[in-house]
Amino acid sequence: NPVADIYDPATYRFEWGKANTVVDYGTDMTMIVSGILLKKALDAAEILKEQGILVRVLDMATIKPLDHEAVIKAARETGAIMTIEDHTILGGLGSAVAEVLVENEPVPMQRIGVQDKFGESGDPELLYRDHGMDVDSIVEKAKELTARKK
């Protein structure tokens, strides 16, 4: 399947160890995304915006080094963090972000990714749905997450 173009190659500049704010609609929560699921996160953010939940979306291009400053700032300003990755939720983006949050700015958090299961093969969109990594699942989990904010 083709991958959606998010950035204009003429203007985008990759910075090692730095997150990029892709959209910033408001302060209800932040989605921190790594990799191919960025488009699904952006689609979910649009749907949530229509429903009155205003989301910031950060593209975390590197997990090590992780942009600690961006994670802490997002937690302080939005009060809830969701990580989204096409990877197991163990030992990847979600784990790295959780470590930063628990030591610096604990807030409600949700990890979207492959659960602790054996790997599967098949149509990517069906696998995303089965693992709760599709747009509809992201929207529903985002609503649950924002409801957990204090």
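Which residue forms a salt bridge with Asp24? What you see is a predicted model, where local features need pLDDT of at least 70, side-chain atom pairs count only at pLDDT 80 or more, and totals for chains, interfaces and linings use all residues. Residues are numbered from 1 along each chain as its sequence is written, and side-chain values use heavy atoms, with hydrogens and water left out.

Okay, back to Asp24. The partner is Arg56, and the closest N and O atoms are 3.4 Å apart. Asp24 sits in strand 1 and Arg56 in strand 3 (residues 55–60), so this pair ties together parts that are 32 residues apart in sequence. A salt bridge here is a side-chain nitrogen of Lys or Arg within 4 Å of a carboxyl oxygen of Asp or Glu.

Buried means under 20%, exposed over 50%, and partly exposed in between, using a 1.4 Å probe and protein chains only.

By the salt-bridge rule the count comes to 8. One of them joins Lys39 and Asp43, at 2.6 Å from N to O. Both of those lie in helix 1 (residues 38–50), 4 residues apart, which is about one turn of the helix. Another pairs Arg129 with Asp130, with the closest N and O atoms 3.3 Å apart. There's a network as well: salt bridges that share partners link Asp24, Arg56, Lys73 and Glu77.

Next, the aromatics. Searching the whole structure gives 2 aromatic pairs. In one of them, the ring centres of Phe14 and Trp16 are 6.2 Å apart with planes at 75°, so we call it edge-to-face. The rule for Phe, Tyr and Trp (its six-membered ring) is centres within 6.5 Å, with planes under 30 degrees apart counted as stacked, over 60 as edge-to-face and the rest as tilted. Trp16 is exposed, at 60% relative accessibility, whereas Phe14 is partly exposed at 42%.

Last stop, His131. You'll find His131 in the loop between helix 4 (124–130) and helix 5 (135–147), buried at 9% relative accessible area. Leaving out residues up to four places away in sequence, His131 touches several residues, including Gly113, Glu120 and Lys141, where contact means heavy atoms within 4.5 Å.

Conventions. Helices (H or I, at least four residues) and strands (E, at least two) are DSSP runs, numbered from the N terminus.
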